[in-house]
Amino acid sequence: MKGNRALLALWALFWLLMIAVEIQDNYGDRGIQWWEPYLWEGSSCFAATLWLLVERRAADHWNQYLAQPWQWFARHLAWMPIVIVTFIAAIYGIRHGIYALTTETYEHEPWSFIFMYESIKLVLFAGLWLGIIFGLESFARWRHEREQLLTLQKHLAESQLAQLRAQLQPHFLFNALNTISSLMQVDVERADRLLTRLADLLRSSLQASSRNTTSLREELKLLELYAQIMQERFTDHVTLNWKIAEDALDTPIPPMLLQPLLENAFKHGVERSRRPVNIQVTAEKHGDELRVTIFNSDSTLSAEPSSGIGLRNCRERLEVLYRGRASLRLEPHDSGVAARLALPVNPS
Amino acid sequence: MIRVLVVDDETPARDKLRRWLAEQADLSVVGECADGLEAAASIASLQPDAVFLDIQMPGLSGLEVAAQLEPAHAPLIVFVTAFDEHAIKAFDLNAVDYLLKPYDKDRLIKTLERLRSRRGNAVAGGASPGDVAIRTARAQTGASGRLLVPQGEQLQLIDASSVHWLEADDNYVHVHTAQARYMLRRTLSDLLEQLGERFVRIHKSVAVNLSEVKSLSPLFKGDHEVHMRGGAVLRMSRRYKDELFGRMGR
């Protein structure tokens, strides 16, 4: 674990510092052998390290209290009496043992003082290290949770996209079927042509919804099929103009993104108007942006209080896919409404 | 003979329906309309017995056309729609006739059979045949709040919120707005039912738009004067006092 490695490095640094301070304290003191400071600090380091290892072995046990810091600290500090006793016994045992092997004698304060002194020192240092361990563990937990959250969000975004993926509206399908059913009473060939267009459109839209990206070229083919069917329905009622820049055609775009916009132009422009309506579709590259505008004459924005699900879906899809780098605006334009879409040419 | 009006904004759809209706001996198609306003005008002038009314149309939807009709004098209505889940649920609930597009001849004939029996019942019972359809349509369009008024030879749509007050006068209702006064051949009660919550009666023959009321001043015996924002001063009889006060939150 990364957290443990950082802890180990800090621990080593701390003890090096402690030994260095001890050596410096006794530097030039003739009455003290060179190895004595090493023994003093070394024995403390040894005993403390053993206890640290014990604490780390039970890390999982402590971690369940990370969310309640008081619990976490209290449960650690409950061990202090036994830590103090074993610590003092261990270090003084070691020191006396080693001294016994040499000609030196180990002189120290009376035991009662030692016990007090070491206890206070231990509690202070234990508090310091518990603070450090708590910080490191909390950080590791936070990072882990954030990673989990990110993956979760990614999955969520994917399923959202799947849901938002535009489909031909049942409204449109039933109306087209009805036009065919009416037309075939009077003009079998026209009805047949319309039926074929509808089949083509269904096929393209099914293909489109199984892919993550398509090109503007493919999407425009789908739009043209849709427009042809709608033109059959509203024969003298609508004219369409396409102004597509050649160099924009290969731009990758999410499939079925434009269709709902064209559908809106028909729904709010053509279907609600008694006058002939003009629809204009323009697409061009502008720096590293693809700009698509779908304009319809003869409708107003304010007349649409609940500006449909189609539009909201488009916006949500753009947000999930491009995170603020794409935009879709609806605005009044020349006694009509223009839907303006801007996408980055290079996704990712 | 049942006189039928066909309303649909798509030519092929009208052609098909007219052709199939023409095959019925007891039906005659007396007119065709391509949008809602035209339909409202034709229903008033031709007084058909039955209307095949497409819902989705430019200008004024079929539901809105129906909502403007007075149930007492309305023709039988068969709504025609390709896809409108919401309305269809309401039609089923209230047993309103409708035809789902696309339809074949069998389905049309079934609808016609229902239409004939409904007409027979209505004639025998003296009830208005279009009643349920109109009430259902009003419930569906309730929030849209638009009113169809005659303007010279033509019909015009105005916002219900632009109406300041209404005044009954024999068989007519005068509709007062800031700029104009329209005369509708309707009863006040029916108009109030169509316009809904926004309006409240202050007199047997007068109703006001609540948001246009400026102030009230008491007269004798519990009667009040109602001062409208537009300047008009109307008399409120005490019979209607409680309702107005209640609605104005007093």
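1. Two strands pair if DSSP finds at least two bridges between them. In this predicted model, strand E11 and strand E12 (residues 206-209) of chain B clear that cut-off, with four bridges joining them. The two strands run antiparallel. One bridge can be checked by residue: B:His203 has B:Val206 in E12(B) as its partner.

2. That pair belongs to an open sheet of five strands in chain B. The order is E10-E9-E8-E12-E11, and the pairing is antiparallel. Strand E10 (181-184) and strand E11 (199-203) of chain B are the edges, each pairing on one side only. From one strand to the next, the twist averages 20°. As background, strands of a sheet pair through backbone hydrogen bonds.

3. Now the interface. Contacts link 17 residues of chain A with 14 residues of chain B. On the chain A side, helix H7 (residues 170-183) gives the most, with ten residues. By class, that side of chain A has eight polar, five nonpolar and four charged residues.

4. H7(A) has 14 residues and spans 20 Å from first C-alpha to last. That is close to the 20 Å expected at 1.5 Å a residue.

5. Which residues of H7(A) are buried? They are A:Phe172, A:Asn175, A:Ala176, A:Asn178, A:Thr179, A:Ile180, A:Ser182 and A:Leu183. Their cover includes three helices of chain A: H8 (188-209), H9 (216-233) and H10 (259-270). Helix H1 (11-22) of chain B is also part of the cover.

Technical notes:
Residues are numbered from 1 along each chain as its sequence is written. Chains are lettered from A and ligands numbered from 1 in the order in which they are written. This is a predicted model: local features need pLDDT of at least 70, side-chain atom pairs count only at pLDDT 80 or more; totals for chains, interfaces and linings use all residues. Two residues are in contact if their C-beta atoms, placed from the backbone, lie within 7 Å. Ala, Val, Leu, Ile, Met, Phe, Trp, Tyr, Cys and Pro count as nonpolar, Asp, Glu, Lys and Arg as charged, and the others, Gly among them, as polar. Axes are lines fitted to C-alpha atoms, for helices over the stretch in contact, and angles run from 0 to 180 degrees between N-to-C directions. The expected span of a helix is 1.5 Å times one less than its number of residues. A residue is buried if 20 or more other C-beta atoms lie within 10 Å of its own, exposed if 12 or fewer, and partly exposed in between; C-beta atoms are placed from the backbone.
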